[in-house]
Every structure is written in C-alpha cells, then in structure tokens.
Amino acid sequence: MARRPELLCGAAIVLGCALLVALKVTCRVLLPKVQVLKEDEAREEIQRNHSSCRAKDVTMPAKLPVNFFSTRSPVIDLFRGQLDYADHLRQDSEIVLYFFYAPWCGQSIAAREEIEHVASRLSDQVLFVAVNCWWNQGKCRKQKHFFYFPVIHLYHRSFGPIEYKGPMSAVYIEKFVRRVMTPLLYISSRSKLLDFLSNYEPGVLGYFEFNASPQPPGYLTFFMSALHSLKKDYLGTIRFGVITDKRVAEEISLVHSGSVYLHRHVNTSLFFPNDIMNYTAENICKWALENREMLIRWLRPHGGKSLLLNNELKKGPALLIFIPYNPLAEIHPPLDEITKVALEYHNCNKSQVAEPDLQHLGDTDSPAFDSSVPDAHTKLSETFSITKYPCCNTVVLPQWHSISRTHNVCELCINQTLGVKPNTVHVPHCNFLEIEAALDSFYLQEHTFFQVISNTIECSNFLSFYSPFSYYTACCRTVNRHFLSFIGSEKTIFQIPKVEFSSHGKKDNTQHSIPHIEDRNCFIPDLHISGTNITGLSCRTNKTLNLYLLDSNLFWIYAERLGASRSTHLKEFAAIVDLKEEVHYVLDQNQSLVGSTLENFIKNFSILYSPLKRHLVDDPSVHFHEQRVITEVTTSTFHDTVFLSEKNVLLLYYAQWCGFCASLNHIFIQLARLLPPDNFTVARIDLTRNDLPWEFMTDRLPTILFFPHQRKEQSVKFPEDVSINLPNLLKFILHHSSLSSEPCTKECLHKETVLQQGHISHLEREIQKLRSEITALHQAQDQLEAQLSEARREEHRLQQQKNTLEKQHKTLQLHSEQLQATYDQKNQELLEMAEKLQELADASENLLKENTLLRILVASREGKLQSKDEIKEPLQSEQALSEDDISVSTATAMPEEKMVDNTDTIETEHSSGNRTE
C-alpha cells in the first residue's frame, strides 16, 4: 500500500515547529548570561578607549582671527597675515610702518593704543600697516620667524627694514618715525650750524652744492648712510646734516662738494678719508660709528632680562641722571645744563672748538667761532703753580724720634716744580703714595733740623728720592699734650688755628702760609671762575665717571631702587654707582638738579678723600610689630637697635633665598623666649634688602653676631665650626655676656650676683614651662600611639576585606570563564541545529514538489478512467459484434491496465525512496 503525501508533509511541518520552539527556549535561558558577559566586555573596552584618549594630545582648530584694530582706526589691519598684500601697499607709499603683532601678546595689546596715537598724527605722511603674524594659515607666520612681539619695521621707499627697538611709547615711536622721514638736517646759515654743533650728540656733516644740480654727486650716498645709521643704531645717537651754503661750509673747513665731516667736542674732529675708504653709504656709517664721541649716553632698558646695565656699569663708575624727557619737545633746559657739565668735565685740552659750543648753550645769538677774545679764566688758571698750594699732612712725631725732644708736631708738605695745572676742585694734588714717600724721607733725614727752643717753628726743604723735580717741606713745632689728645677729632682738626710757618734758612714770609691738609678751602685759589671749575676733570683723576641719562617717566623704578623717594612729585634724581667698589652715592633730592649741583656732586666724588657718604639701601616694606619675639632690623633702625640699646643684642644675618637660614627660625624663637627680654634682644636683618656699613657686612649666610651690653664695640661672631643649636647658642651668649673689660668691685659683684640670680630664676621658670610642655607632649604622644594602634587594627581589617574581595573576584572570574565555555558550546549546538533545520526545510520543499506531481498524475488517471467508461458504453451496444473483435479489445485493455499499475508502483517506490533519503 502506498504512503500518502499529505501525511508526510504535515509530519515535516510539525517537526520543524518543534525544533523552533526548542531553539527559542534555549536562547532565552542563555541570553541573560551572554548579556552579562557582553556588558563586561563593553565596559572594559570603554575603559581601554578612555585611557588611550588620555594618552593622546587633544587639539582643537584655531579660531578665526578678528580685527585687532578698530575699523575706524587709521591703521590698516591685516589680521589674516596677508604679507603679500602688505608688500603691495608698500610699493605705493614713501614711508611705511609695519606693526607685526600677536593677538594674545600683552605687549602688543599695550602698544596698540600707542601706534594708533602716532598714526592719528602722521597718517597723512606715513602708511601704517598692522599684520597678524600669529595666524597659522597666514603668510606672515610662514615667512617671518619672530621670537618676540610686537615688532616694528619702517621702510623709506625701497630701503629697509629699519627695526625700532626703543620704548613702546607714542612720543618715542613718533620721534623715530620722524627721523626716518627726514634723516638729514639741512643747514643753510651759521646759526643753524652752531645749533647743530652745540648738541651733545655726535654729528656728521656733509657739504653739497645744490646750485649746479638738484641732486649733487654723492648726495644720495650720504642720504643712504643716514638711513644705515638708524638701522644699526635705533637710538639715533648720530645726527646727519647737509650744508647747502659754501661760506657756512668753510667755517668747518669743508671746501669740496661731497666732503663729510665728523664733529667731536673733546677730541679732534675728523674728515672722511676718501683716499683710504670707498665713498659708500656703509663705509660712511661704519666710519661715523667707530669714531663717534659719546659724552652722554641714553640708557633705555627694555624691561626684560638683559645685561645692558651690567655691561655699562662694568666700564667704571657711572653717574646715572634721571630726568623727565619728551623727545618731541624742542627745548630741554635740564638736558642743556647736563650737556654743559659734561662738556666741561671732558674738555681736557680746553679746545677752541668746544668753547663756542658751550657759549652757545647760554646765548644762541652769539656768533659762531668767535675766538678773538682771549679766555681770561684760562690764562688766570695757568699762572698758578702747584708750589703755592702744596699737599700737606699733619704728623705727630713718635717719642723715639730725635726731633721729638724739641718738636712734636710737623706739617709735611709736598711741593712740585712741574706737573699739571691746578684747578678749583676740592682735592689736594697728591696721593697716598706721595705722602708715604715724604714720611720715609722725613724720618731718614733727621739732621735737617736744628735743636732750637721748643716754642718756635722751624721748616726745612729736602728733595724727593723719586723725582728731581719735586721736594718736600717739613715745618715742625711743639703743642701741649691736651691739644694732641684731640688731634684725632674731626672738630678740633677743623678748629686748628692758622699758624704761619717760615722756611728754614730764608726770611719769614707771612704772605705764603702753608695750610693744613684738612682745611681744604686753603688749597683753592680765591678766583672768580664761573662755569669752568670742573674743566677737564675726567683727565685729572683716576675716578673718571661715565655719564648716562634715563627717562624718569619710563624708568623711575630704577631710581627708586637706587634710593629715590617714592613720594616726590618732580622726578629728578642723580646717583653715582661704582660697581668695582660696591658702593653708590645719591645726590640729595632736596637740591635741584642744575649744573652747579651736578658739578659739586662730581667734584666731591673725584677728590682723594671723598666726603660723600655711601648710600645704604633700606627696606621700606618692613612693618614693625611690638609683639614680635624676634626684632626685624633694617638699615635705618640698625644703629638704634644695636648700638643705642641698653641690652645684649644677638643679630642674625639672613636672606630670603637662604634655605638654611629659614631652618633656624624655630631655634631663634625658642632662644628669644628663653632669654629675659629686659636684658637681651634677638634680632635679624635681611642683607639682600638692607645695606650696612662695611665693618658690619658679611659674605656668608647665615652669620650670627653678638653685641654685649656696654661693650658694643667688642662684638663677637658665632664660630662657623660649631653647630647652630639652642644649647650652643646659650653657651655662646652666656659666656660672652659675662665678660667684663674692668675688674669688678664688691658692688659690681653684688649687682652681678643679683643679675645672675634673676637669670637663674628666669631660666627656672622657663624650665618649668618646658617641663609642662614636655608633659603635654607626652600625653599627646600617648594619644597618637592609641590612634596609631586603632589605625593599624583598621588597616588589618581592611587588608582582610581586601583578601576576601580578591578571592571573590577570582571565583567570579572562574565562573565567567565557565559561562564563556558554555556559551561557546551552546553556540556551536545552535549552529548545528540551524544546519539541520535548513536541511529539513529543503526536504519539505521537495515533498511539496512531489505532492504536486502526484496530484497531477492522479488527475490524469481520473481523466483516463472517465474516457474509458465513455468508450465502454458504445462497446456494449455493439456486443453483437463478433467475438473476434471483443477478444481483440480485451487483449488490448489488459496490457494497458498492467502498464498503469506498473506506473503507479514505480512512482510509489520513487516517493518512498525520497522519504528515506
């Protein structure tokens, strides 16, 4: 019996549904575990990505630049760094100023207003262009490599760039721009020539005849040399002028057109050597810079780290003068006064060229080079010989000297027959070595004096051992011992009555008396010489000063550091700084800064025994508190705190940068609490902010000095090889404070005993306080130990919890691995089941196809059977036919039936075979 295809197809469908239900249930069971594992993996991946993001540099694109200058500003703002467009603008302008800036730079922002102010005044003559050189996509950033901002470049037609490195102030920038606009001054009269030569700055003059041609030969070269000078020296210390009149040029010996003249006040003026150097702009500029004469130099520190001041101060003593200066002003009276002093100070040869310059400073209408009137002052000073004003010193004879039996005081004078001419400077024309040589000769030549009565004065002359052109004079007399006891006092020295000495072997001449060395006024001739009292002083002393000017409007902070008052309204100040001697002197600010004041300041510095007092820097920021344990000492309070105090003073020298000094603070605080405040003072001083007299300075920090009471001059230094601690400091103080310079009486011993008992009682009280503090410290120590033990127990508990958590972590990690293995196994099974389901689906599709074929065959069979029935009916009606025909038809039907049965059998077997497969 054949299988029915409908049943086979239904069984396949039911089996497929059962497999799908089983797969769904399995996925629901495994899904939570798989989801947990996936979440852990995702969390770890996020952490890895987060850590990798931290390691990378996160950058963001730069913001688009915006206008740095306002749109209404006369400055063209190329805020995108369009350098090519800036070069295009320069081609159409004669003078161009480039302002290269960075938008974030504070100095660029501060200079923006100054540039706008200058542009508002000169925009009709100069093109102002601002370029952003920080925008990374601009050409300026790619082509220019500036190390600082802002940068100012100027162009004069095709010449440039001329970089400006001066102060970022509107007046200074405008002055420099005007110098670039007109690098040459045109001189057409003798008065303009005198104005040009009387200036303190070096001047270069060129003579060109403009009558023959509008541009004489060499004029353009000379013009370019002035621009080269501004390019190499942004301060513009060399001025260039052009003489257009032949008669004016002849005044300074310029005859040929194209001649160049370098004017110098002190040294000989020079002409450009055309036969040695080529007449080019670079050579003229180089020649002028190498041979210029700098009487006064402007200093303009840029405010950053530089060695400008250090390099200048290393050259020697420097006179720093601070005055308010406006570069655009036409007249500067204070500067004219300083220039006059500088010219006189450096005028060593009394040159005739410098004289009319100085004369013009007082009278601008005076004729140039009027040398017809002789200088009476110069001739008058030449008439004085140094023999009339010798250098003398008072000598107190020792007892072993043979002359001391009749004379005990001598005036030893140095007389020179040859030498430099004297002047009105308050200085003896001798030095320490000459005095020493005179003393040696005097002690060796005792026979030059006669033994006369003691109430007379006797003088003798003897030649020097070193020079045949000088001799010494010794005049001796006797004074009482009371007078000798005060001869070292400054007051009695100046109050010594004038004694007229007579030279031995000659007639007494009371007209030419020998003055005392301390009475310096006696060495100055009573002459009325105005304006020339320091003439050539720089060449007659070893303490030559370099003169520098600073604008107090910009650099007043330097004046305050040197000692200028911060509350002054008039910012004028002068100070002499001697870096080699490590001293500086300050001109009294109560005096006006005029020529005579500067002259006296320079003269007092130049003399051998200078009366100037070293200025001590004081720290005004120290605030004194009465409740302080340690007293803070400054320069102004040093004398009162240390010397005028009736206490023993222990002074600590320290500095803010000294780390070891800071570590001693607690020791000195304890020491100050131990010592009785009525008898001891513990103080300290910051040496970096306060200066002291040289005898109290130190080159090592920390340093400890002890000033005992009533014996402050016997100060003692704490030994360097002893450790600085509280016991050693107490031993040091008690040891040196108990010393006495005189034997102590019973009353003194009683006072000392009472004092010591007071010290002992004070120390006992302090010891009791220390003991109570120690007890409190012990209690605190016990509390800390209890807290530490509790902390250890807590630490132990936390360690156990940590171990438990680590074990749980390991268990969870193992469980996670097992779940991962189960997940992999179930995933593999699901893949296999999916393959089987795919096979069942394919078999079901084949069964459906076979079922369709079977239906078709059944339909065809039914059709055949119907046709067979239809054929049988006519055959029955014709049964009368012959049997032969019936037999034949029967025989024919049988085989056909068999064939159909065979066909059905074959199809049934075929379908059964497919099911088996």
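This is a predicted model: local features need pLDDT of at least 70, side-chain atom pairs count only at pLDDT 80 or more; totals for chains, interfaces and linings use all residues.
**Stop 1: the whole chain**

Show the protein chain as a cartoon: 24 helices and 24 strands are there. Helices (H or I, at least four residues) and strands (E, at least two) are DSSP runs, numbered from the N terminus. Of the 917 residues, 38% count as buried, that is, under 20% relative accessible area, with exposed meaning over 50% and partly exposed in between (1.4 Å probe, protein chains only).

**Stop 2: helices α3 and α5**

Two packed helices are described by the angle between their axes and the distance between the axes. Select residues 106-122 for α3 and 170-181 for α5; their axes are 9 Å apart, at an angle of about 45°. Axes are lines fitted to C-alpha atoms, for helices over the stretch in contact, and angles run from 0 to 180 degrees between N-to-C directions. The pair is therefore oblique: angles under 35 degrees count as roughly parallel, over 145 as roughly antiparallel, 65 to 115 as roughly perpendicular and the rest as oblique.

Now show side chains. E114, I115, H117, V118, R121 and L122 in α3 meet A170, I173, E174, V177 and R178 in α5, where contact means heavy atoms within 4.5 Å. By class, this contact of α3 with α5 has six nonpolar, one polar and four charged residues. Ala, Val, Leu, Ile, Met, Phe, Trp, Tyr, Cys and Pro count as nonpolar, Asp, Glu, Lys and Arg as charged, and the others, Gly among them, as polar.

**Stop 3: helices α21 and α22**

Next select residues 665-674 (α21) and 726-737 (α22), whose axes come within 10 Å and cross at roughly 45°. α21 and α22 are therefore oblique to each other. On α21, pick I667, F668, Q670, L671 and L674; they meet L726, L729, L730 and I733 on α22.

**Stop 4: K571**

Finally, select K571, in the loop between α17 (552-562) and β18 (573-578). Is K571 buried or partly exposed? K571 is partly exposed, because its relative accessible area is 32%. Leaving aside neighbours within four places in sequence, K571 is in contact with F322, I323, P324, S552 and W556.

Methods. Residues are numbered from 1 along each chain as its sequence is written. Side-chain values use heavy atoms; hydrogens and water are left out.
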